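Hello,

Here is the structure I said I would pass on. Please open it next to this email; my notes follow below.

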Amino acid sequence: MPERVRVRTRGLVAERARFRCEYCLTPAGITPSPYSVEHIFPRSEDGTDTPENLAFSCQGCNGHKAAKTTAPDPATRRIVPLFHPRRQQWSDHFGWTADGTRIEGQSPTGRATVFALNLNRAGLQNLRRLMVLADLHPASPLRD
Ligand SMILES: [Zn+2]
């Protein structure tokens, strides 16, 4: 894939995600590390470079997801598919604790994804506390 196309694809993926990680919803503009364009199905499992297989992801979520596409649901220990940002709605699988610091899985896929991607990393919880104070939290009514 030529570099120019890759740059254009990256921009499309970031804009489609509204510049937020598609897993933890952290806005890219308030974190120090650059975000990645992540393969939902990895190339090793015949995942393609098409926009339908790409997700905008923070470094932490991308690193924890790696090549995984499934993980155990901590409630049942059954192996289930991870959240698929192109085919599923975030709010169907996840919710926020009342204080906005933790993501809770609302389905087997949601619970497995919270577990596998460690969506409640200590650094994210600290950042979410600050986002609540600054009215920048992804769950804020002003965000959607
Ligand atoms: Zn993330």
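**Core**

The largest nonpolar core has 24 residues. Those with the most contacts inside this core are Cys21, Tyr23, Cys24, Phe56, Cys61 and Leu119. Two elements, β2 (54–57) and α4, each give two or more residues to the core. Please keep in mind that this is a predicted model.

Phe56 is worth a look on screen. Beyond its neighbours within four places in sequence, Phe56 is in contact with Val13, Ala14, Ala17, Cys21, Glu22, Tyr35 and Val37.

**Helix α4**

Helix α4 spans residues 108–116 and is mostly covered. Seven of its nine residues are buried: Thr109, Gly110, Arg111, Ala112, Thr113, Val114 and Ala116. What lies over them? The cover for the buried residues of α4 includes α2 (59–65), α3 (90–93) and the strands β3 (70–72), β4 (79–81), β5 (94–96) and β6 (103–105). After α4 comes Asn118, with a positive phi near 50°.

**Overall fold**

The protein has five helices and six strands. Along the sequence they run α-β-β-α-β-β-α-β-β-α-α. The C-alpha atoms fill a box of roughly 45 × 35 × 25 Å along the principal axes. The radius of gyration is 15 Å, which agrees with a compact globule, because 144 residues would give a value near 15 Å. Buried residues make up 31% of the 144. Of the contacts with a separation of 6 or more, 56% join residues 24 or more positions apart.

Best wishes

Conventions. Residues numbered from 1 in each chain as written. Predicted model: local features only at pLDDT ≥ 70, side-chain atom pairs only at ≥ 80, totals over all residues. Buried ≥ 20, exposed ≤ 12 C-beta atoms within 10 Å, placed from the backbone. Helix = DSSP H or I, 4+ residues; strand = E, 2+ residues; numbered from the N terminus. Contact = placed C-beta atoms within 7 Å. Core = buried A, V, L, I, M, F, W, Y, C linked by C-beta atoms within 7 Å. Rg over C-alpha atoms; globule rule 2.2 N^0.38 Å.
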